[in-house]
Amino acid sequence: IANRYIEIGDEYRDREQYQEAIESYEQALNADAGNLKAQANIGTVYLDQEAFTQAVEAFGTALQIDDEDVVSRTGYCDANLALGDEAQGNQDPEAALGFFQAILVVNPAHTDARQRMASIYQERAEDLLGYTVEELIGRPMLELYADAPAGKEKALQIFERFRDGEA
């Protein structure tokens with residue numbers, strides 16, 4: 001019975017009748033609560049609709065059924081990546097880091113998540129140091145120390161930011 005509901009859901013999905021597809025997959029889950037394909041297909045429908053939060057939830061449930069399922073792992077990572085990118089676009093690096101870290105729990109080697117996290121951490125370092133990576137290249141190290149004239153000004157600014165609770 002569950003397989004028939006999945007077939008019907010697939011037909012709805014092919015016709016972009018997403019709500020009906022989800023209802024069919026849910027009927028499959030009612031018939032067989034641990035049906036991985038039905039649960040993963042719900043995530044895929046949400047992913048198709050760019051409903052990324054719901055996709056993460058659906059794929060997360062699928063991963064509870066089988067944490068090695070490639071479709072669920074990929075969908076979970078894709079949805080979290082999209083949510084992380086959205087958070088970054090909304091100037092919320094903390095939320096973005098959370099989404100990217102969730103990806104690394106499922107796939108520690110996920111290159112895109114690692115690169116995006118590195119970018120956020122680099123921006124933070126540049127803010128705290130007061131220099132971009134490009135500005136640091138080729139500069140004498142003494143200029144970067146707090147007791148050097150240029151470094152002292154930057155150190156004072158950073159100290160004041162910490163004191164005021166901004167960093």
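## Loop residues

Let us start with Gln-91, which is exposed at a relative accessible area of 69%. Exposed stands for over 50% relative accessible area, buried for under 20%, and partly exposed for what lies in between, using a 1.4 Å probe and protein chains only. Gln-91 sits in the loop that joins helix 5 (70-89) to helix 6 (93-106). Its phi is near 60°, a positive value in a residue other than glycine.

Glu-16 also has a phi near 60°, again positive in a residue other than glycine. This residue belongs to the loop between helix 1 and helix 2 (18-31), and its relative accessibility of 57% makes Glu-16 exposed.

## The model and its overall make-up

This is a predicted model, in which local features need pLDDT of at least 70 and side-chain atom pairs count only at pLDDT 80 or more, while totals for chains, interfaces and linings use all residues. Residues are numbered from 1 along each chain as its sequence is written, and side-chain values use heavy atoms, with hydrogens and water left out.

The protein has 9 helices and 0 strands, and its pattern along the sequence reads α-α-α-α-α-α-α-α-α. Helices (H or I, at least four residues) and strands (E, at least two) are DSSP runs numbered from the N terminus. Of the 167 residues in the protein, 34% are buried. The exposed surface comes to about 10,100 Å², with carbon and sulfur atoms supplying 50% of it; these areas come from the Shrake-Rupley method with a 1.4 Å probe, and for residues only the protein chains shown count as cover. Looking at contacts (heavy atoms within 4.5 Å), 41% of those between residues at least 6 apart in sequence join residues at least 24 apart.

## How helix 1 meets helix 3

Two packed helices are described by the angle between their axes and the distance between the axes. For helix 1 and helix 3, the axes come within 11 Å and cross at roughly 10°. The axes are lines fitted to C-alpha atoms, for helices over the stretch in contact, with angles running from 0 to 180 degrees between N-to-C directions. Helix 1 and helix 3 are therefore roughly parallel to each other. Roughly parallel covers angles under 35 degrees; over 145 is roughly antiparallel, 65 to 115 roughly perpendicular, and the rest oblique.

Helix 1 brings Ile-6, Asp-10 and Arg-13 to this contact, and helix 3 brings Lys-37, Ala-38, Asn-41, Thr-44, Val-45 and Asp-48. By class, the contact of helix 1 with helix 3 has 3 nonpolar, 2 polar and 4 charged residues. In this scheme Ala, Val, Leu, Ile, Met, Phe, Trp, Tyr, Cys and Pro are nonpolar, Asp, Glu, Lys and Arg are charged, and the others, Gly among them, are polar.

## Two residues of helix 3

Asn-41 lies in helix 3 (residues 36-48). Is Asn-41 buried or exposed? Asn-41 is buried, at a relative accessible area of 10%. Setting aside residues up to four places away in sequence, Asn-41 touches Ile-6, Asp-10 and Tyr-25.

Lys-37 is in helix 3 as well, and is partly exposed, with a relative accessible area of 48%. Beyond its neighbours within four places in sequence, Lys-37 is in contact with Ile-6 and Asp-10.

## Salt bridges

Side chains of opposite charge can pair when their charged atoms come close. The whole structure holds 5 salt bridges, each a side-chain nitrogen of Lys or Arg within 4 Å of a carboxyl oxygen of Asp or Glu. One of them pairs Arg-13 with Asp-48 at 2.8 Å, N to O. Arg-13 lies in helix 1 and Asp-48 in helix 3, so this pair ties together parts that are 35 residues apart in sequence. Arg-13 is partly exposed at 26% relative accessibility, as is Asp-48 at 38%.

Another joins Glu-7 and Arg-4, at 3.0 Å from N to O. Glu-7 and Arg-4 are 3 residues apart in helix 1 (residues 2-14), so about one helical turn separates them. Glu-7 is partly exposed at 41%, and Arg-4 is partly exposed at 43%. There is also a salt bridge between Glu-11 and Arg-15, whose closest N and O atoms are 3.8 Å apart. Here Glu-11 is partly exposed, with 37% relative accessibility, while Arg-15 is exposed at 52%.
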